[in-house]
Amino acid sequence: MNHSGAESDHKITSVEVIKDKNGIEQVVLRNVRGASATVSLHGGQVLSWKTERGEELLFTSTKAVYTPPKPVRGGIPICFPQFGNRGTLEQHGFARNKIWVIDQNPPPLPTDSNGKACIDLLLKPSEDDMKIWPHSFEFRLRVCLAADGRLNMISRIRNVNGKPFSFSFAFHTYFSISDISEVRVEGLETLDYLDNLHQKERFTEQGDALTFESEVDRVYLDSSSMVAVLDHERKRTFVIRKEGLPDVGKCLSF
Ligand SMILES: O=P(O)(O)OC[C@H]1O[C@@H](O)[C@H](O)[C@@H](O)[C@@H]1O
């Protein structure tokens with residue numbers, strides 16, 4: 001698949017399907033200014049998000065393995081139907097290990113996709129998935145790169161046969177940062193969090209902003225719709241906005 005959209009000056013938005021060295025399809029979104037995002041069908045995972053100047057905004061480990069069923073360590077893994085080890089499934093669930101498909105005919109969304117380069121992906125459970133998690137679902141993911149370079153991800157999980165099930169879900173984003181001592185996270189002040197380094201014990205954030213002096217592995221509960229990650233050395237701020245997701249995870253592992 002290869003198609004182009006809105007025109008502006010000399011450039012146009014584009015959606016191009018390429019293959020990685022293992023033959024797995026990747027979708028490259030480009031906006032009118034030359035920013036880009038690459039989404040792999042392995043895990044439905046965004047592996048790269050670049051500014052119009054070509055600066056990479058996501059971290060991917062040099063040790064990352066790109067062969068399913070191993071998850072890729074980096075970019076934006078999708079944790080589903082389980083986040084972390086809060087359940088009987090493998091860590092972060094199986095969705096990040098699976099090969100997704102391009103959804104050629106997704107149900108419409110009320111969002112405006114004008115001027116954006118977008119792709120819709122779909123994951124349905126295999127027979128093996130149904131053996132370990134017997135619930136009929138369709139997971140639809142829309143990834144859009146806006147004209148101003150913003151990345152927008154929308155997930156929709158459909159219960160296919162109406163039998164109730166519960167799940168947890170997360171976008172597990174690895175941001176590219178400079179020196180960790182130069183980074184602070186704002187928007188978590190006064191929130192309660194579960195500390196994975198202390199058997200998920202509940203604490204309350206006391207500081208004005210979160211900084212990192214040692215390993216941190218927490219889930220902040222009922223966070224506001226906006227959190228900012230400020231990287232002083234790079235003079236860059238990631239603003240994370242969310243809708244419909246209650247909690248925010250913060251993890252710095254050494
Ligand atoms: O190595 P994984 O499975 O991708 O997980 C990465 C991290 O994911 C976080 O959500 C967990 O709280 C951490 O404990 C874990 O190290």
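What follows is a set of questions and answers on the cysteines, strands and ligand of this structure.

This is a predicted model, in which local features need pLDDT of at least 70 and side-chain atom pairs count only at pLDDT 80 or more, while totals for chains, interfaces and linings use all residues. Residues are numbered from 1 along each chain as its sequence is written, and side-chain values use heavy atoms, with hydrogens and water left out.

Reader: Which cysteine forms a disulfide with Cys118?

Author: A disulfide is a pair of cysteine sulfur atoms within 2.5 Å. By this rule the count is 1 disulfide. Its sulfur atoms are 2.0 Å apart, and the partner of Cys118 is Cys144.

Reader: How many residues apart are Cys118 and Cys144?

Author: Strands (E, at least two residues) are DSSP runs, numbered from the N terminus. The disulfide of Cys118 and Cys144 links distant parts of the chain, with Cys118 in strand 8 (residues 117-123) and Cys144 in strand 9 (residues 137-145). The two cysteines are 26 residues apart.

Reader: Is Cys144 buried or exposed?

Author: Buried means under 20% relative accessible area, exposed over 50%, and partly exposed in between, with a 1.4 Å probe and protein chains only. Cys118, at 15%, counts as buried. Because its relative accessibility is 4%, Cys144 counts as buried.

Reader: Why is Cys251 not bonded to Cys79?

Author: Cys79 is in no disulfide. Cys79 counts as buried at 0% relative accessibility, whereas Cys251 counts as partly exposed at 42%. The closest cysteine sulfur to that of Cys251 is in Cys79, and it is too far for a bond because the distance is 10 Å.

Reader: What is the bridge partner of Arg184 in strand 15?

Author: Strand 12 and strand 15 run antiparallel. Across this pairing, the partner of Arg184 is Thr211.

Reader: Which residue takes a positive phi in the hairpin of strand 4 and strand 5?

Author: Strand 4 (residues 36-40) and strand 5 run antiparallel, joined by 5 bridges, and Ser36 stands opposite Lys50 in strand 5. Strand 5 (residues 45-50) is mostly covered, with 5 of its 6 residues buried. The hairpin has 4 residues between the strands, and the positive phi, near 85°, belongs to Gly43.

Reader: How many residues around the ligand are charged?

Author: A residue is near a molecule if one of its heavy atoms lies within 4 Å of it. There are 11 residues around the ligand, and Arg73, His92, Arg96, His172 and Asp217 come nearest. Asp, Glu, Lys and Arg count as charged; Ala, Val, Leu, Ile, Met, Phe, Trp, Tyr, Cys and Pro as nonpolar; and the others, Gly among them, as polar. The shell has 3 nonpolar and 5 polar residues, and the number of charged ones is 3.

Reader: What is the distance from the side chain of Asp217 to an oxygen atom of the ligand?

Author: A polar side-chain atom of Asn196 lies 3.3 Å from an oxygen atom of the ligand. For an N or O atom in the side chain of Arg96, the distance to a ligand oxygen is 2.9 Å. For an N or O atom in the side chain of Asp217, it is 2.6 Å.

How values were computed: Two strands pair if DSSP finds at least two bridges between them. A polar contact is a pair of N or O atoms within 3.5 Å; within protein, one must be able to donate a hydrogen and the other to accept it, and residues adjacent in sequence count only if both atoms are side-chain atoms.
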